[in-house]
Amino acid sequence: MRKIFEKLLAIDRRIIFLVIFLAVSVPIFLGIKINIKITDEVKAFYDAVSNLPSGARIMVACDFDPGSEPELQPMTESGFRYFIQNKLRFVIIGLWPQGPMQANKALAAVNEAKDEFTVENGDTLYFGTDLIVVGSDTARYGVDFINLGFQAGNELVIQRMGSSLKAAFASDLRLGRPIEDFDIMRGLNKLSDFEFIYNLSAGYPGTVEWVQFAVDRFHVPCGAGNTAVQAPQVYPYLDSGQLSGLMGGMKGAAELEKVVGHKAKATMFMVSQTAAHIFVILFIIIGNIAYFATRGETGRKGL
Amino acid sequence: MKREIPLILTAVVGLTFVVQFFIPHYPLGFMADMFSDWFSIVAACAIWLGALNLLKISLNKVYKKEKDWFFAIVTIISFLVIVIAGFFFSGGRRFQEPGTNFDWLYINVYSPLSATMFAMLAFYVASASYRAFRARNAQATILLLAAFVVMVGRTPFSDWLSNLLFMPEGWQISNLSNIIMNFFNVAGQRAIMIGISLGLISTALRIILGIERTYLGGD
Amino acid sequence: MFMPKKILLSAFFVIILPLVVWLVHGLPGQQSISYPPYDLTAISTPGDTAGSIALNWFSLDGDNQSAESFPDYRILRSGRAEGPFEEIGIVAFATPRATPNSRQYRDSAVETGNSYFYKVSCLVDGSSVESNAAGPIVPVAQTAGEKLAVIEDVILFPPTQLRAFDSPNDDGHSISIEWKISPNDVFRGAKFSGYDIHRSNVPEGPYELIGDVTGGVSDPGRGVKIFTDGNNVQDGKEYYYYVNARWDGQIAGSGVVGPVVAGQQWFHTGRGVSLILLGILIFSILFYINQAKSGKELFIRKIAGLEAVDEAVGRATEMGKKVFYVPGTQDMDNVQTIAGLTILARVAKLTAEYETRLEVPVSRSLVMVSAREVVKESYLNAGRPDYYNDDMVYYLTDDQFGYAAGVDGLVVRQKPATIFYQGAFYAESLILAETGNSIGAIQIAGTAMPAQLPFFVAACDYTLIGEELFAASAYLSREPKLLGSLKGQDIGGKLVFLSLAIIFIVMITLLQKHGISGEMIRVFEVH
C-alpha cells in the first residue's frame, strides 16, 4: 500500500498535464449548460455603466495581449455590445501595444451585419470597422466610437491625459487624422471630460495605475475587468469605492455576459474552468492523502 | 562627469514630479508635462533599441554559428516578415488597420502563439499545486481549506455541493468564497500594498537623493 | 519641566497629528440647493404672448399607481411670500406628466408685471405634504412674431444655480462651471439632448458655443453638473458664461454668470494631508540615516532568503554548475528591477570569489546595459576582472512569454544548480519557477508583485516578500545609509500611518451617530 502512495507522490507531472488537458477540452464538446450567479462586483459595474446618460463618452483602455484573451476578450466584447445598444460612445486606447488591436478584434466579433460594406454619400463604409451593427443599433467610427491606438509611457500617459488628451494621442489609429477632426472627440480635452473609464487589464500598466492616476487624481469613475490572477490584488480598490465594479477572470466575463443578456464564449468556457478546478482540488486531496499515508507509516516505523 | 550627470538628471526630474504634485503653479506643472512627454519618447525609442538589439544578437549568433543558431535564424526571419509586411505590404492603408497583412499575421500567428504560452500556466498550476500544497501544519491546513472554498466558490459547481451538504442560506460555499475574497483577501492585500508602497517611496527617495546608485553600475 | 521623549512623541501621534490632518484636509465643493420632495420651480412661460407662469415639481412616491390610490395635487398661489395662499387649480392623477417623474402646471390667470408665489400641496396618508414656496416670479408676455407655446406642450425648464469659478488647484487656463440640472433632465430620457455651454468676454456678448455635455449629474453627492472649460482660456482674462438645456426641440437658457478669471495656484489644497504624511516619512528616513551615520547600531531582522544566498551560490560551486540570475521582466523604470540589480551585485561578487559561472538572461535592453555594469563592477571589486565576460549578461526578448520560453529552454538544457528570481514578474513567474523546480535547482525568489508571490512561495525554496526585496540592498551591504532609510521607512511610514488609521477608525465608529463620519472618511482622500 505504501508503495502506491509513494508512487502517487512521485507521479510524473506529464500525467497531471494530460488529465488537465482532458478536463479542459472534453467539457467543451459535451455542451453542458451551467447556471452563472452574478456577484456584487459585476452587478456594481453594470449599475455604474447603466446609470450613465445616453451619449456619455467612455474611455476603454485595453491593456492586455493575446495571452489574456480568453479572460478579457469576452469582457471587451460584452462591453462594446452593451455600449452600442445603449447609445454610449467610447474611445479606445491602449497602454499595451497589442491592446488597440485586441479592441479591433472585439469590434469585428461584435458586429452582426452580414454584408461586407455599404455605400453612403459616395463613401464606402466597411461593416466591422467603420460601422458596427448590434441588433437594431449601429455605431459609426468617428461618431460613436474611435480607436486612438497605443502610446508608450505607461502611467505617465494617464497623467499626461489628465492635462491634455491631444498631447498623449494626437491622431487616431485607423486613419491617422488629428483627433479634433472627429465628432466624438469634440469637447474632450482631457481625461476628466470622460464620464467613465472601462479598463481591461492583464498586468502592468493596468487597473492599479488607472485607479492611482485617473480615479484618485482626476476623479473619473472607473470599472475594470482583470485576469483571475490580478483580480484579488484590486479588491481593496473595490472595497474603498475607488473602483466602480470589477470582473475577475473568466467567471467575471461570464457574469457580465449574463447581466448584459448575451451569453457567448465566456459562458461556454466556464464548464471547462469548473472541470479544471475540480480536478486540481482532487489532485491536492490525493497528494495530501499520499503525504499523510507515507508520513504516518514512516512515523510508526520510527517508533 | 559620467556618474554625476545621471545623478543630477535623476534628482531634477524626480524632485520635479514630487514637488509638482503639491505645487501646480508654472513652471512646475509645465516641466512635469514636458518630462512626461520626454519619457514617452524615450520609452518608444527603448522599444526600438530592444528590437535592434535582438536582431544584432541573433545575427551574431548565426555569424559565429553558436549553439542553437538555427533558432536565431527563425527569430530573424520572423522579425523581418512582420516588419516588411507591416511597412511595405499594407495596400496603402495604415498597417494596424483590420484587413492588412500585419493584422492577419497578428490574428493568425502572434495571437495563437501568445495564447498558447499563457495556456501552459494551467498545467504548471496543477503540477505546482499537487506538489506544494500539503497540510503540513495548522496554517497550511487553513490555507488549503480557504483555497478549496474559493476555487469551488468561483464555479457553478459550488451551488450543487452546498445543497448536497445542506449548507444554510448565507453560509453556502459561494458566500464563504465572497467573505474570504472581500475580507481576508482584502486585508492581506492592503497590508502587502502598504508595505510595498512604503518600500517603493523609500527606494525612490534614495534614488532621487543619490543614496542608491546601483542602477548606475556598482557603488 | 522636561517631559520624557516618549510621552511627547505619543502625544504628537495621538493628538496633534490627527488634529492637524483634520484641519488641513480638503473640503468638498458647494452643494446645489434643492427642496425635496417636490423641489417646486416656477418660470414665466416662454413663448406665451399673453403671459403666464409655468410650474414644475417632482412627483411624490406612489404617484404612479392609480387614480383611486393617489390623490390630486393642489396648486396654491399668493401675492406675498408669507401668504395667505389660495387654491387656484388641481392637477389630477390622470393629467399627462411632463416627464416620468415630474409634473407641470400653467397659471394663465395672472397679470403681467405682478409678482406671485406658488406652492403645491398633496394629501398623503391623511397628512398634507406641502412644497417649498417658489417665487417671486413675474409673468412676462412674449413679443409678437416669436414662436407660440401650444397649451399641451411640456415646458422645458432651464438649468439653475449656475456658478463659474477658477478651477482650483491647477496651473491655470481652466474655468469650472457647475449648475443644478433642468427638471426635464430625466435619466436616459429620449427627448433630453444635453446642455450647451456658451462663453463671451463681455456680458452682452456675442457668445460662442464652447462645448456640450450629456444630461445627468456629474457629482451625485452635491447634485451638480460640471463642465470644465479648458478651451483656450487665458489667465487673467474675464469670461462670462450661460448654459442652454436642449429638450425635444426646445432650448431653455440659464442666467449669465461672470466675470470669472482663471489663474494658477501655488499649493494644491486637496493634498495637504499627503504632504504632511510624506514629510513625516522623509524626515524619518533622513533622521535615521543620520543616526546610522553617527555610528548607532540599527537592528534588522533575519531575512531567510537573503541568508541563503551564500549557501545557494556555494551549492552551485560544489556541483560545478551554473548560477542563473533573472532580474525580473520589467524595465529600469521599475523600482523592483533596481532592487533586483542590487542583489545581483552581491551574487556576482560571490560568484567571482568562488569562480562559479554566472548567467543573467534579461528581458530589456536597458536592463542588460545596467546589469553588465553591475556585474563588471562586482567582479572588479572581488579582484577577478579577468573572469568577467560581457556574454554573461545577455538579452533575450521583450515579449513576456517569449522570454519565459527562452529562459525555460536555457534552464532545461544547461541545468543550473541555483536560480535567482529577483524583480518584477507577471504571469511568467510560475512557468519559470516550475521549470527550475523540475530540474532540482535551489531557487530564491523575490518580488513585490502580490499576485505572483503565491506562485513563488509554492515553487521556490526561499521567497522575499514585497518590501523584503527593497530591504535587500540594506541587508546585504549593511551600509549605514541604507539601514537608516529602512528603519526610517518602518518608523515614519508604518507606525505613523497605522496609528493615524487606528485613531480615525475608532473616532469614525464612535462618532457615527453624530453625522460627521462621512467627513472624517474623506480626510484621507487624495484630490
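User: How much area do chain B and chain A bury between them?
Analyst: This is a predicted model, where local features need pLDDT of at least 70, side-chain atom pairs count only at pLDDT 80 or more, and totals for chains, interfaces and linings use all residues. Residues are numbered from 1 along each chain as its sequence is written, chains are lettered from A in the order in which they are written, and side-chain values use heavy atoms, with hydrogens and water left out. Buried area is the accessible area (1.4 Å probe) that two parts lose on being put together, summed over both. Carbon and sulfur atoms hold 64% of it here, and the total is about 5,400 Å².

User: How many residues does the contact take from chain B and from chain A?
Analyst: Contact means heavy atoms within 4.5 Å. The count is 55 residues from chain B and 65 residues from chain A.

User: How many salt bridges does the rule find across the interface of chain B and chain A?
Analyst: A salt bridge is a side-chain nitrogen of Lys or Arg within 4 Å of a carboxyl oxygen of Asp or Glu. A:R160 and B:D37 form such a pair, at 2.8 Å from N to O. Across the interface of chain B and chain A, the rule finds 5.

User: Which element gives the most to the side of chain B that touches chain A?
Analyst: Helices are DSSP runs (H or I, at least four residues), numbered from the N terminus. Those of chain B that give two or more residues to this side include α1, α2 and α4 (101-132). The top giver, with 17 residues, is α4(B).

User: Which residues of α1(B) are buried?
Analyst: Helix α1 of chain B covers residues 4-22. Buried means under 20% relative accessible area, with a 1.4 Å probe and protein chains only. Cover for the buried residues comes from elements including α8 of chain A and α2 (272-293) of chain C. The buried residues are B:L7, B:A11, B:G14, B:T16, B:Q20, B:F21 and B:F22.

User: Which residues in chain A lose the most area to chain C?
Analyst: Chain A and chain C bury about 1,900 Å² between them, 42% of it on carbon and sulfur atoms. Three residues of chain A together account for 24% of what that side buries: A:R13, A:Y204 and A:V229.

User: Which residue of chain C meets A:R186 in a salt bridge?
Analyst: The rule finds 2 salt bridges across the interface of chain A and chain C. In one of them, A:R186 meets its partner at 2.7 Å, N to O. That partner is C:D212.

Key. Expected span 1.5 Å × (residues − 1). Buried < 20%, exposed > 50% of the residue type's maximum accessible area, 1.4 Å probe, protein only.
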